[in-house]
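Reader: Hi! Could you walk me through this model in plain words?

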Amino acid sequence: VSSPVERRAALASALAALGVPADVDADGPLAVLRPRDAAPSLDAATRAAVVDAARRCGFTHVALEL
Amino acid sequence: MAAPHATTTAAADATSLDRERALVEWLRDRTRGVLVGFSGGVDSSYLACVAVETLGRDRVLAVIGRSASYPAAQWAAAREIADRFGIPCEEVDTNELADPSYAANPSNRCYFCKRELWSRLAPIADARGLTLLDGTNADDLSDHRPGAVAGRERDVRSPLAEVGLTKADIRRLSALRGLPTAAAPSSPCLASRLPYGTSVTVERLAQVERAESALRAIGVVGDLRVRHHGDLARVEMLAAEIDRWLDPVASTRLATAVREAGFARVALDLRGFRSGSLNVLAGVVAG
């Protein structure tokens, strides 16, 4: 995954697979998730999986927009 | 037979105390006295306290550098510690924001800030024959610390680091003295919330300070940073706190508090607080 667009798309896809449907904004290595559900369930295990997915897509930081 | 945990704790305490004895010896050699650059944080509070115990009030001066990048709550905490522990304390205004090199917020921003601070404190120390000290500890030596260069330019000594005192040592020894900083979160200046390249302005610093104060007021505890990404505030808090603030009601309170501080958008970092997070974001250090 190299270009910013590809990285955002790859992360959005990974999030969907984790059951966290969200749009992804990116600012360099920061990914900001805009959830499509009003209140996504993000327990500690899911958060860890999201962070890991973001890292694999080239993001050092991932944050959930409230 | 002592439990393994108790044995480990006792060994750590003994190591800390050994290092503190070395610090006391180090301070005793500064017969004319010392001037401590004092922020009211964990390290400089401990250093100032031990200096007063070792040299007496007449040979110690703690000096606070005040500017827009120094949070008001931190100033109040510093004054309280000085009063409570009998630390002679003065204040000087610093004006690092007027330095374009600082305001441009390069990755060595801390150098320009410390250069300004020590340029104000060195004349005071020279006039009184005091050795200039900072609160750099042994752990800091392996971190990205461009401000240390400015200290060396002014012959600032770092006795905590020189005798090997780590942050854990300092917290442990602070607790033995009843210093309120023993368990306090670390407290870098407000400019550390702005990504490198985002210019440092009074308005942005105030925005961050308002947001963090608002989050404290609604009950966020422990390490906390509101990182400034333009119209977006990215909130970093202890990982153990995140669950509580992702609750729908709590997250609404959190977002409202930050928006009222002047940010249009609010996001909660899912990894939680990381010291030097913006260094990672900028690629200055590895994530």
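Predicted model: local features only at pLDDT ≥ 70, side-chain atom pairs only at ≥ 80, totals over all residues.

Reader: Thanks! How many helices and strands are there in chain A?

Author: Chain A has two helices and three strands, counted as DSSP runs (H or I of at least four residues for helices, E of at least two for strands, numbered from the N terminus). Starting at the N terminus, the order of elements is α-β-β-α-β. Its radius of gyration is 11 Å, close to the 11 Å from the globule rule for 66 residues, so chain A is as compact as a globular protein of that length. That radius is taken over C-alpha atoms, and the rule is 2.2 Å times the number of residues to the power 0.38.

Reader: And what does the secondary structure of chain B come to?

Author: Twelve helices and seven strands. Along the principal axes, its C-alpha atoms fill a box of roughly 60 × 55 × 35 Å.

Reader: On to sheets. What is the strand order in the open sheet of six?

Author: The order is β1(A)-β2(A)-β3(A)-β7(B)-β6(B)-β5(B), with mixed pairing. Two strands count as paired if DSSP finds at least two bridges between them. At the edges are β1 (22-27) of chain A and β5 of chain B, each pairing on one side only. On average, neighbouring strands are turned by 30° against each other, direction ignored.

Reader: Nice. Which strands do the bridges join between chain A and chain B?

Author: β3 (residues 61-65) of chain A and β7 (residues 265-269) of chain B, which run antiparallel and are joined by three bridges. There, Leu64(A) stands opposite Leu268(B). Helix α10 (residues 239-246) of chain B lies across β3 of chain A, as well as β6 (232-237) and β7 of chain B, at about 125° to β6(B). Contact here means heavy atoms within 4.5 Å, and the angles, from 0 to 180 degrees, are between N-to-C directions of lines fitted to C-alpha atoms, for helices over the stretch in contact.

Reader: What about the hairpin, how many residues sit between β1(A) and β2(A)?

Author: Two, and Gly28(A) in that turn has a positive phi of about 60°. The two strands run antiparallel and share six bridges, with Asp25(A) partnered by Val32(A). Val32(A) also stands opposite Ala63(A) in β3(A), and β2(A) pairs with β3(A) in the parallel sense over four bridges.

Reader: In the sheet of four strands, is the pairing parallel or antiparallel?

Author: Parallel, in the order β3-β2-β1-β4 of chain B. β3 (89-93) and β4 (131-133) of chain B are the edge strands, and the twist averages 25° from one strand to the next. Helix α2 (residues 42-55) of chain B packs on this sheet, touching β1, β2 (60-66) and β4, and makes about 165° with β1(B).

Reader: Switching topic: how much space lies in the largest cavity?

Author: About 50 Å³. A cavity is a set of points on a 1 Å grid over the protein atoms alone where a 1.4 Å probe fits but cannot get out; a pocket is an open set with protein on both sides within 12 Å along at least five of seven lines; and lining residues have an atom within 4 Å of a point. Points are joined across faces, edges and corners, and the volume is the space filled by probe spheres set on them.

Reader: Which residues line the largest cavity?

Author: Among them are Val51(A), Phe59(A), His61(A), Arg271(B) and Arg274(B). The largest share, three residues, comes from α2(A).

Reader: Last one: what is the volume of the second largest pocket?

Author: About 560 Å³. It is lined by 24 residues, and Ala73(B), Gln74(B), Pro185(B), Ser187(B) and Arg216(B) lie nearest its centre. α3(B) gives the most to that lining, with five residues. By class there are eleven nonpolar, seven polar and six charged residues, where Ala, Val, Leu, Ile, Met, Phe, Trp, Tyr, Cys and Pro count as nonpolar, Asp, Glu, Lys and Arg as charged, and the others, Gly among them, as polar.

Technical notes:
Residues numbered from 1 in each chain as written. Chains lettered and ligands numbered in written order. Heavy atoms only, no water.
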